[in-house]
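Let's take a friendly walk through a protein model, one topic after another. Keep the picture open beside the text as you read.

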Amino acid sequence: MTIFHQRLVKNLKYYRRLRGLSQSQLAAACSLSANYVGEIEMGRKFPSADTMERMVKVLEIQPESLFLEMKEQNPLGGFQNQNSAYASQLSQALIGYINESLGYYAGKKIEDEHP
């Protein structure tokens with residue numbers, strides 16, 4: 001599992017619990033199955049962009065909060081520092097995680113197709 005995926009799993013659990021929601025409650029609010037939310041939180045599934053958008057709306061957080069280390073954000077998902085240098089660092093980090101994740105899953109698909 002990539003760092004990108006690990007942070008998503010950790011942060012999704014954190015914000016769901018912070019809001020006092022069970023997996024079933026989050027799933028219902030997002031029109032998903034509780035089993036699917038559980039699979040995401042165990043790192044077995046990676047949600048689509050549409051699913052992540054629904055989750056961040058229900059959790060009332062910024063989308064990027066799912067991928068930042070906790071020390072980079074406050075517990076409610078707002079940024080401690082809104083300056084342009086921080087925004088640039090955030091963009092670079094997210095691009096790096098996305099590229100790492102895409103590379104990981106592209107390689108995994110190739111491995112799965114060619115044992």
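Just after helix H3, Gly43 takes a positive phi of about 80 degrees. Helices here are DSSP runs of H or I with at least four residues, strands are runs of E with at least two, and both are numbered from the N terminus. This is a predicted model, where local features need pLDDT of at least 70, side-chain atom pairs count only at pLDDT 80 or more, and totals for chains, interfaces and linings use all residues. Residues are numbered from 1 along each chain as its sequence is written, and side-chain values use heavy atoms, with hydrogens and water left out.

- Val37, Gly38, Glu39, Ile40 and Glu41 of H3 are buried, where buried means under 20% relative accessible area, exposed means over 50%, and partly exposed lies in between (1.4 Å probe, protein chains only).
- The cover over the buried residues of H3 includes H1, H2 and H4, and contact means heavy atoms within 4.5 Å.
- Arg44 has its place in the loop between H3 and H4.
- Is Arg44 buried or exposed? Arg44 is exposed, with a relative accessible area of 57%.
- Arg44 and Val9 are 35 residues apart in sequence, and their C-alpha atoms are 9.7 Å apart in space.

**Helix H4**

- The buried residues in H4 are Thr51, Met52, Met55, Val56 and Leu59.
- Seen down the axis of H4, these buried residues fall within an arc of 130 degrees, so they line one face of the helix; the arc is that of the directions from the helix axis to the C-beta atoms.
- An α-helix has 3.6 residues a turn, so residues three or four places apart point the same way.
- H1, H2 and H3 are among what covers the buried residues of H4.
- Just after H4, Glu60 takes a positive phi of about 60 degrees.

**The overall picture**

- The protein has five helices and zero strands, giving the pattern α-α-α-α-α along the sequence.
- Of the 115 residues in the protein, 35% are buried.
- Among contacts with a separation of 6 or more, 61% join residues 24 or more positions apart.
- The accessible surface comes to about 6,900 Å², and 54% of it belongs to carbon and sulfur atoms; the areas come from the Shrake-Rupley method with a 1.4 Å probe, and for residues only the protein chains shown count as cover.

**The nonpolar core**

- A nonpolar core is a set of buried Ala, Val, Leu, Ile, Met, Phe, Trp, Tyr and Cys residues joined through side-chain atoms within 4.5 Å.
- Which residues touch the most other members of the largest core? They are Leu12, Met55, Leu66 and Phe67, in a core of 18 residues.
- Helices H1 (3-18), H2 (23-29), H3 (34-41) and H4 (49-59) each give two or more residues to this core.

**Aromatic rings**

- The whole structure holds three aromatic pairs, where rings of Phe, Tyr and Trp (its six-membered ring) pair if their centres lie within 6.5 Å; planes under 30 degrees apart count as stacked, over 60 as edge-to-face and the rest as tilted.
- The ring centres of Phe4 and Phe67 are 4.4 Å apart and their planes are at 10 degrees, so this pair is stacked.
- Phe4 lies in helix H1 and Phe67 in the loop between H4 and helix H5 (84-113), so the pair ties together parts that are 63 residues apart in sequence.
- Both Phe4 and Phe67 are buried.
- Tyr14 and Tyr15 have ring centres 5.1 Å apart and planes at 80 degrees, so they are edge-to-face.
- Tyr14 counts as partly exposed at 31% relative accessibility, whereas Tyr15 counts as buried at 0%.
- Phe4, Phe46 and Phe67 form one aromatic cluster.
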